[in-house]
Amino acid sequence: MKYSLQSLMIVVAVVGIVLGRIAHLKRWAEYHDREEERLVSEEVARGATRESVNQLLERKFDDWQLTNYWEITTHRQLANEYRAAMYRPWTLVKERPPPPPSIQHSAS
């Protein structure tokens, strides 16, 4: 079986695009993991224990936007979505809008 140079170049280009997309998704997942850890560390510095923050984050609320931990949960969810998209690089991950002003002020 003989392949033309053009077909081999197309295959290499497609593989390169897919691997580049996977690397991009991995970087975003790592970024959101770091941001989540930074925000949890800030809560711990304010006096909460890491276990209590993680327990609260594991609970399921109907509307996370009503909690002070909205930003942490958003980063956790996005990291999980980017990690899942690494196995399906054709899927898109939609970034969340910033929290409402009332939550931004109460979380600060």
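Is Arg-50 buried, partly exposed or exposed? Arg-50 is partly exposed, with a relative accessible area of 31%. On this scale, buried means under 20% relative accessible area, exposed means over 50%, and partly exposed lies in between (1.4 Å probe, protein chains only).

This is a predicted model: local features need pLDDT of at least 70, side-chain atom pairs count only at pLDDT 80 or more, and totals for chains, interfaces and linings use all residues. Residues are numbered from 1 along each chain as its sequence is written, and side-chain values use heavy atoms, with hydrogens and water left out.

## Overall build

The protein chain has four helices and zero strands. Its pattern along the sequence is α-α-α-α. Helices (H or I, at least four residues) and strands (E, at least two) are DSSP runs, numbered from the N terminus. Of the 108 residues in the protein chain, buried residues make up 26%. The accessible surface comes to about 8,000 Å². Carbon and sulfur atoms hold 61% of that surface. Areas come from the Shrake-Rupley method with a 1.4 Å probe; for residues, only the protein chains shown count as cover.

Contact means heavy atoms within 4.5 Å. Among contacts in the protein chain with a separation of 6 or more, 56% are between residues 24 or more positions apart.

H1 has 41 residues, which should span 60 Å at 1.5 Å a residue. Its end C-alpha atoms are 59 Å apart, which agrees. The expected span is 1.5 Å times one less than the number of residues in the helix. H3 has 16 residues and should span 22 Å; its end C-alpha atoms are 22 Å apart, which agrees.

The buried residues of H1 are Leu-25, Ala-29, His-32, Glu-35, Glu-36, Leu-39, Val-40 and Glu-43. They pack against H2 and H3. After H1 comes Gly-47, whose phi is positive, near 120°.

In H3, the buried set includes Trp-70, Thr-73, Thr-74, His-75 and Arg-76. Gln-77 is also found in H3. At 33% relative accessibility, Gln-77 counts as partly exposed. Gln-77 and Glu-36 are 41 residues apart in sequence, yet 9.8 Å apart in space, C-alpha to C-alpha.

## Nonpolar cores

A nonpolar core is a set of buried Ala, Val, Leu, Ile, Met, Phe, Trp, Tyr and Cys residues joined through side-chain atoms within 4.5 Å. The largest has seven residues: Leu-25, Ala-29, Leu-78, Tyr-82, Ala-85, Met-86 and Val-93. Helix H1 (5–45) and helix H3 (70–85) are the elements that give two or more residues to this core. H3 gives the most, with three residues. Leaving aside neighbours within four places in sequence, Met-86 is in contact with Ile-22, Leu-25 and Lys-26.

A second, separate core has six residues, including Leu-39, Val-40, Tyr-69 and Ile-72.

## Salt bridges

Side chains of opposite charge can pair when their charged atoms come close. A salt bridge is a side-chain nitrogen of Lys or Arg within 4 Å of a carboxyl oxygen of Asp or Glu. The whole structure has seven salt bridges. The table lists some of them.

| Pair | Closest N to O distance |
|---|---|
| Glu-43 and Arg-46 | 2.5 Å |

Glu-37 lies in helix H1 and Arg-50 in helix H2 (residues 50–58), so the pair ties together parts that are 13 residues apart in sequence. Glu-37 is partly exposed, at 39% relative accessible area.

Arg-38 and Glu-35 both lie in H1, three residues apart, about one turn of the helix. An α-helix has 3.6 residues a turn, so residues three or four places apart point the same way. Arg-38 is partly exposed, with a relative accessible area of 36%. Glu-35 counts as buried, at 16%. Glu-43 is buried too, with a relative accessible area of 15%. Salt bridges that share partners join Glu-35, Arg-38 and Glu-42 into one network.

## A nonpolar surface patch

Ile-10, Val-14 and Val-18 form a nonpolar patch on the surface. Together they have about 240 Å² of accessible area. Patches are made of residues with over 30% relative accessible area and no salt bridge; like charges are joined within 9 Å, and nonpolar side chains (Val, Leu, Ile, Met, Phe, Trp, Tyr) within 5 Å. Val-14 has its place in helix H1. Val-14 is partly exposed, with a relative accessible area of 48%.
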